Amino acid sequence: MSLINERKPARQNIKFTCTLARIVLLLMFVLLLAPIAITFYMALYPTPGVSVELTKGIGGVAEGILFAGITAVAMFIGQNLLGRVSRTGDPFRPENTRDLKLISFLVLGAGIASAPFGFLIAHLLGGAYIGTMVNIPATACGCLILATSKVFEYGCILQQQDDGTI
């Protein structure tokens, strides 16, 4: 029995799982864009009483928009990565590792930069800001994704060695 026949069910399982994850990620991407659109709509067309509250919490709004925007970009890259894996059935490719590193840096950036951005906007516009200076769950998630990219990098090396073995 050849190795190619033994890998076939595993590749089909990977393709199915990645296709399913891609669909979920696309739905989450659309759901993430909705609050951004609503916030921009409220900023452009304020209703009486809401504009005052928006000014008071402008730091949190700015932080949320920046965080959601960066997260949306990371999700878009992630769904492209999942689409590539579902088409090829091969997760251990250099471009997948590169995309995982990019996603990790985006998530780390969102976790580290969004709160200071909200704080800065709040103080520039005279609003209040209540919150932490670092989004700890996002920063931890970015570190985990970076570690996973290193595992995938090592998987690429093992895949090349395995493909070179007769």
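This is a predicted model: local features need pLDDT of at least 70, side-chain atom pairs count only at pLDDT 80 or more; totals for chains, interfaces and linings use all residues.
Let me begin with lysine 150, which is partly exposed, with a relative accessible area of 46%. Lysine 150 forms a salt bridge with glutamate 153, and their closest N and O atoms are 3.9 Å apart. The cut-off for a salt bridge is 4 Å, and this pair, at 3.9 Å, is counted. Both residues sit in helix H5, 3 residues apart, so about one helical turn separates them.

Now stay with glutamate 153. Helix H5 covers residues 136-164, and glutamate 153 is found there. Its relative accessible area is 30%, so glutamate 153 counts as partly exposed. Which residues does glutamate 153 contact, once neighbours within four places in sequence are left aside? They are Thr97 and Lys101. With lysine 101 there is a polar contact between side chains, at 2.7 Å. Arginine 98 is 55 residues away from glutamate 153 in sequence, yet the C-alpha atoms are 8.7 Å apart in space.

Next, the other salt bridges. Side chains of opposite charge can pair when their charged atoms come close. How many salt bridges are there by this rule? The count is 5. One of them joins arginine 84 to aspartate 99, with the closest N and O atoms 2.8 Å apart. Arginine 84 belongs to helix H3 and aspartate 99 to helix H4, so this pair ties together parts 15 residues apart in sequence. Are these two residues buried or exposed? Arginine 84 is buried, with a relative accessible area of 17%, and aspartate 99 is buried too, at 7%. Another salt bridge links glutamate 95 and arginine 93, where the closest N and O atoms are 2.7 Å apart. Arginine 93 is partly exposed, at 26%.

Now the chain as a whole. It has 5 helices and 0 strands. Of its 166 residues, 30% count as buried. Take the contacts between residues at least 6 apart in sequence: 81% of them join residues at least 24 apart. The accessible surface comes to about 10,400 Å², and carbon and sulfur atoms account for 74% of that.

On to the inside. The largest nonpolar core has 17 residues, and those touching the most other members are Leu32, Met75, Ile103, Val107 and Ile145. Helix H1 (3-44), helix H3 (58-88) and helix H4 (94-124) each give two or more residues to this core. Which helix gives the largest share? That is H3, with 8 residues. Look at valine 107 for a local view: leaving out residues up to four places away in sequence, valine 107 touches Ala74, Ala138, Cys141, Gly142 and Ile145.

Threonine 139 is also in helix H5. At 17% relative accessibility, threonine 139 counts as buried. A polar atom of its side chain lies 2.8 Å from the backbone oxygen of asparagine 135. Beyond four places in sequence, the contacts of threonine 139 are Leu108, Gly111, Ile112 and Val134.

Together with Phe119, Met133 and Ile136, they make a nonpolar surface patch of about 450 Å². Where does methionine 133 lie? Methionine 133 is in the loop between H4 and H5, and at 39% relative accessibility it counts as partly exposed. That is the last residue on my list.

Technical notes:
Residues are numbered from 1 along each chain as its sequence is written. Side-chain values use heavy atoms; hydrogens and water are left out. Helices (H or I, at least four residues) and strands (E, at least two) are DSSP runs, numbered from the N terminus. Buried means under 20% relative accessible area, exposed over 50%, partly exposed in between (1.4 Å probe, protein chains only). Contact means heavy atoms within 4.5 Å. A polar contact is a pair of N or O atoms within 3.5 Å; within protein, one must be able to donate a hydrogen and the other to accept it, and residues adjacent in sequence count only if both atoms are side-chain atoms. A nonpolar core is a set of buried Ala, Val, Leu, Ile, Met, Phe, Trp, Tyr and Cys residues joined through side-chain atoms within 4.5 Å. Patches are made of residues with over 30% relative accessible area and no salt bridge: like charges are joined within 9 Å, nonpolar side chains (Val, Leu, Ile, Met, Phe, Trp, Tyr) within 5 Å. Accessible areas come from the Shrake-Rupley method with a 1.4 Å probe; for residues, only the protein chains shown count as cover. A salt bridge is a side-chain nitrogen of Lys or Arg within 4 Å of a carboxyl oxygen of Asp or Glu.
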